[in-house]
Amino acid sequence: MESNLLSLLVWLPVLGLLGIALIPRHRTKEIKWMAALATGIQLVLAIVLWSKFDPSDAGMQFVERADWIPSFNISYILGVDGLSLPMVILTALLCFIGVFVSWKIDHAVKGYFALFLLLDTGIMGVFVSMDFFLFYIFWEVMLLPMYFLIGIWGGPQREYAAIKFFLYTLFGSVLMLIGILGLYFTCGQTFDIQVLIQNAPEMLSGVMWWGMSAIKVIWVLLFIGFAIKVPVFPFHTWLPLAHVEAPTAISVLLAGILLKLGVYGILRLNYGLMPDGVWWFAGALAFLGLINVVWGGLCALAQTDLKKLVAYSSINHMGYSLIGMAAVIAAGSANGANTTAAQAGLAGAVFQMFNHGTISAMLFILVGVIYDRAHHREINGFGGLASQMPIYTGITALAFFAGLGLPGFSGFISEAMCFIGAFPVFKGIVIASTVGILLNAAYFLWAFQRIFFGKLNDKYSDLAEINSRELFTVIPLAIITVILGVYPAPFLNLVKSTLNLIIEMVASGSPIAGM
Amino acid sequence: MDNIYINSSLAILFLPLLAFTIQIFIGKRLPRQGDWVSISAILFTLLLAGYMFISMLAQYDPNFRYESSFTWMDLGDFKIRLGFLVDNITIIMLLVVALISSCTHIFSIKYLDGDIRYSRYYAYLGLFTFSMNGIVLANNLVSMYIFWELVGVSSYLLIGHWFEKESAANAAKKAFLTNRVGDIGFFIGIMTVFTAVGSFAFTDIFEGVALGSIEGATLTFAGICLFAGAMGKSSQFPLHIWLPDAMEGPTPVSALMHAATMVAAGVYLSVRLFPLMTPDALTFIAYIGGFTAFFAATIALTQNDIKKVLAYSTVSQLGYMILAVGTGVYTAAFFHLLTHAMFKANLFYGSGSVIHSMHHALHKKHDHDTDPQDMRNMGGFKEKMPITFWSMTISTLAIAGVPFFSGFLSKDAILGGTLSFAQNHPQHFLLPIFGFGAAAMTAFYMFRMIFMTFYGPSKMPEIYDDIHESPREMTGPLVLLGTLSIFVFYTLPYFNPFSTHGWFTDLIVAKDSFVPGNISAHEIAEHAHHAHMPAMILSLSVAGIGILLAGLMYLKKILSADTWAKNSGPLYKLSLNKFYFDENYDRFLYQPLMKFADKVAYFDWELYDKYFINGFGKVTSWLSNISGKFDYEGIDQGLVDGVGRSAKNVGHSLRNIQTGRIQNYILYVLAGAILMIIIQAV
């Protein structure tokens, strides 16, 4: 039983999907509860997994292994370590919450929840796949339901947004596939990620393709694939559109989990398989992080659509993660073997991606709440809502303050750690990106003032207060944000062994000689 | 004994947080909207702080110090330990916060009677007190920064208490953002120090400084960056713009936060970090403080809004304290922080009492257009509000630096320090000019305020009859803090009104800087001692001139204020308009930033995405059309059936991408991948 825990986690939503398939299309209530049941059990299983996880073990745990296509060395391998476990828990939590956020979906309910569960399986699969081929399959499986969920249940521009999202990510996937195949043929024809982590650094070193280092080529191919997901500037323009057009629950999953797939992929595969490449690319990574922070912040400041503002804030927030990731090279002997900084930066980056998951999920849910009532999201179209909806105002204030990195909320700690970690190596970039701290505060507070302060707009004197179902979807996230903001140790203890292993690997690597 | 300090500190820290939590969740449903919850919590912290204070006096040990830390996070090499530092400075500061906070809690009962968000208000007061105590107790930069920002957010919430008013909402936002500018510097300073020393704890940092782990230009840079945080919070030039606007908040809040405690946090930080400041950093600090003291005083000269006068006076007084840190007499800075907290909070309560009374009188006449804060509508309140008048007058004497009052002692210590600094460094002659100049102006504008408000004929006789003294909840704090503006409370067990010597100077003794080569505390004290006499004579004369001038202009009307204003030409206008700082910041910083943001967003969305990214799509689509055509017309029609048919199929599948049948494409990609594997494997 225990050894199949990960398989259960991944395939449970598909079971739920089969269950939904058996329910007649008009029994929408049963369909919704079936989805809630599947994701609920998944959440329980994720918690069981967490409780059985051994944080002192840096390697893969709960590994499942089965042959799949032996002639090509393709296997079904699942496993979790400190890097993926938080993402597994986050996925389970946000999918469960997402079902309740979707409760008011009234059009083609059956299809919606079926696709929703398929998406769940796809995401979960990516996080626990330890076979590169399997990883890729799940990566693609995820795209399809996403495409339909945006394209059918989205806003007015849904079809444009869906196809754009799809082509954009598919473009990345294709590059990634080439990268995967490159790895496969250079590193002993295996897709087993653990084996690749063992062998790839050595087998790749010195390999030249068309006069370029193979490491650099594969690094860039994989990186673009992941960068689109993060999204890293200049691959970011699908995000505002997709976020704005997607139904609320899907925006929540997009921002809360899908963006993390990019960071996760870079850390797991780029960092894991090509530690030498980190040395080559860290400077660019930090610089891209800076651009994300500033560009996202400025764009957010200019928005008049609340959902778009939150979408751009994601670009801004993921920038901190990139800067933190780049800090890893501080641990190398060339940089004075400053493992302190490397640990702060990398743990900060991973913590930031988790925190952005909870905080941006809250933000999107709250935007959804007001959109459901007022049927628009124009920041300038409100005003004075604080006196009409005090509870909603309070929770939004909490989410906004968490978003602008106020101490006491988890986002502050991770942002600070990213900066502190990267500072010794990238002083100029870090100092420049601290301007993001100001932009963050500016766009959130300005939006807050326009929506909630001032005299109540008469049009909205009968706007209903946030209801208990909606509260149920936000409060768990708020609690997590506050608890981890006050005492982050439980999270950091979970991830630190694995991250220290990554740091060790990178530290022992060296800059690539030649092109 | 030590444990009692820690337990009391814990209780002092968390009781207000408890009150905040209760108020936020159930405050509104409690009888009297739960104000008694907050008030009892704060009074209990006052009791504990008083107890700690008395133990401190009983111990009478200038070197008393207790520290306790715990590990907050530990990643192996990267560790953060948080903790408390309790020494005499902490204890005095805790008492100040508890005392002023208690006064504000009690004063607000009547001042905010019937307010729509009465329980919210008390909740935020609790949040503020919690955060402020956190700053006071911190023994490391991380918790300092955490509570620093939390103080900022409670200030935001309280300034914006009446958020229906646009000006209040704007002021709240402005306060938070301006503070964040300083905080960025603060944070960069923290990173610089941590990178060099590897710890956030004050003790470790000072040790690192002493050992030379961080030195020279880096240390100066770190010091100035850390000080930037203080500039934001203590409203120093050029970040001073938020404090006057913060007066949009309820007046008791202005007394607590924007006069006595929160804005003093910057001074407190500077005092705590003094031992790591290099001479260059200190010079920078001295000029910022000195200039702020002078510059803010010039603005206060012409303001007509009673709270604005007090606000600029606060900025100026904070400048004094910063000046004292910069010139090395940091214990004098802390001394002035203490005395200023009492008399300035009192002045704000007094103004609150006046405004409250004006407000009710105007309300009775259904006059909603007259500004109840404008001193040009007041006059002659002395008979109507005797307690307010006397208490404010005592505090005014204190702030003006008149002997027998507390401000005289602390101001004198600062001016003495500044004078001796300039004696030893003649190139910095401007600093004492700033100091004494500001002292003269302070005496003038404070008495101008007293005369305009309380003396002469009433300028609005129609409401004069309805002006009356405030209720006991408001006069109580006035009497208490007015009394505490008298010198004797600061010189006990001695009674010499001209010497600062007393429990304070015995218990708060300057320590040597940790920066190698810095001048020793002993030498600084020695120099300041020699400058004491000339400084006192000078400060007494400038204060006398200021008071005399105010009396001639506003009491006796022998000199016409209007003529003076006219004769001073553009200077008067500059002062009245606060040197146009807000306008220029708006024009040269805020508006350009917003325009730039709009441009970036436009570029991102309308140009980059629309043309560049979508251009890719267009080009691809165009190419596949061509290839489709080529397939169909060139190959299919030209070649024989078998080849033609397969090419046609390819063309179809390519076109399918364009029509959005994504399923096919996925399949296509996967098939392609598998095909490649097969080809390679064979």
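Predicted model: local features only at pLDDT ≥ 70, side-chain atom pairs only at ≥ 80, totals over all residues.
I'll start with the overall build of chain B. Chain B contains 27 helices and 2 strands. Along the principal axes, its C-alpha trace spans about 115 × 65 × 55 Å. Of its 682 residues, 54% count as buried. If you take the contacts in chain B with a separation of 6 or more, 78% of them come from residues 24 or more positions apart.

One helix in chain B deserves a moment, namely α17, residues 430–454. How far apart are the end C-alpha atoms of α17(B)? They are 36 Å apart, and 25 residues at 1.5 Å a residue should span 36 Å, so the two figures agree. Of those 25 residues, 22 are buried, which means that α17(B) is largely enclosed by the rest of the structure. Just after α17(B) comes B:Gly456, with a positive phi of about 70°.

Now the contact between the chains. It takes 50 residues from chain A and 47 residues from chain B. On the chain B side, five elements each supply at least two residues: β1 (65–74), α5 (141–159), α6 (166–197), α25 (581–638) and α27 (662–681). Which of them gives the most? That is α6(B), with 13 residues. By residue type, the side of chain B that touches chain A divides into 31 nonpolar, 7 polar and 9 charged.

Next, the nonpolar core. The largest one holds 454 residues, and the members that touch the most other members are A:Val88, A:Ala326, A:Val328, B:Ala333 and B:Ala345. Helix α13 of chain A, residues 339–374, contributes the largest share of this core, with 20 residues.

Take A:Val88 as an example. Leaving aside its neighbours within four places in sequence, A:Val88 is in contact with A:Leu9, A:Ala46, A:Leu49, A:Val80, A:Met124, A:Phe127 and A:Val128.

Helix α13 of chain A is also where you will find A:Ala342. Is A:Ala342 buried or exposed? There are 32 other C-beta atoms within 10 Å of A:Ala342, and the cut-off for buried is 20 or more, so A:Ala342 is buried. Not counting residues up to four places away in sequence, A:Ala342 touches A:Ala327, A:Val328, A:Ala330, A:Ala331, A:Gly421 and A:Ile503. A:Pro424 is 82 residues from A:Ala342 in sequence, but the two are 9.5 Å apart in space, C-alpha to C-alpha.

On to the strands of chain A. Strand β1, residues 61–69, and strand β2, residues 74–80, run antiparallel and are joined by 6 bridges. Two of the pairings can be picked out by eye. A:Arg65 has A:Ile77 as its bridge partner in β2(A), and A:Ala66 stands opposite A:Tyr76. As a reminder, side chains in a regular strand alternate between the two faces of the sheet. The hairpin of β1(A) and β2(A) has 4 residues between the strands, and A:Asn73 in this hairpin takes a positive phi near 60°.

Which residues of chain A does a cis peptide bond with omega of about -10° join? The answer is A:Val230 and A:Pro231. The peptide bond from A:Phe233 to A:Pro234 is cis as well, with omega near 5°. A:Pro231 lies in the loop between α8 (214–229) and α9 (238–245) of chain A, and A:Pro234 lies in the loop between α8 and α9 too.

Finally, two positive phi values outside glycine. A:Trp210 has a phi of about 45°, and this residue is in the loop between β3 (208–209) and β4 (212–213) of chain A. With 7 other C-beta atoms within 10 Å, A:Trp210 is exposed. In chain B, phi of B:His366 is near 55°. B:His366 is in the loop between α14 (330–364) and α15 (386–400). B:His366 is also exposed, because it has 6 other C-beta atoms within 10 Å.

That is the end of the walk-through.

Terms used. Residues numbered from 1 in each chain as written. Chains lettered and ligands numbered in written order. Contact = placed C-beta atoms within 7 Å. Nonpolar A, V, L, I, M, F, W, Y, C, P; charged D, E, K, R; others polar. Pairing = 2+ DSSP bridges. Expected span 1.5 Å × (residues − 1). Buried ≥ 20, exposed ≤ 12 C-beta atoms within 10 Å, placed from the backbone. Core = buried A, V, L, I, M, F, W, Y, C linked by C-beta atoms within 7 Å.
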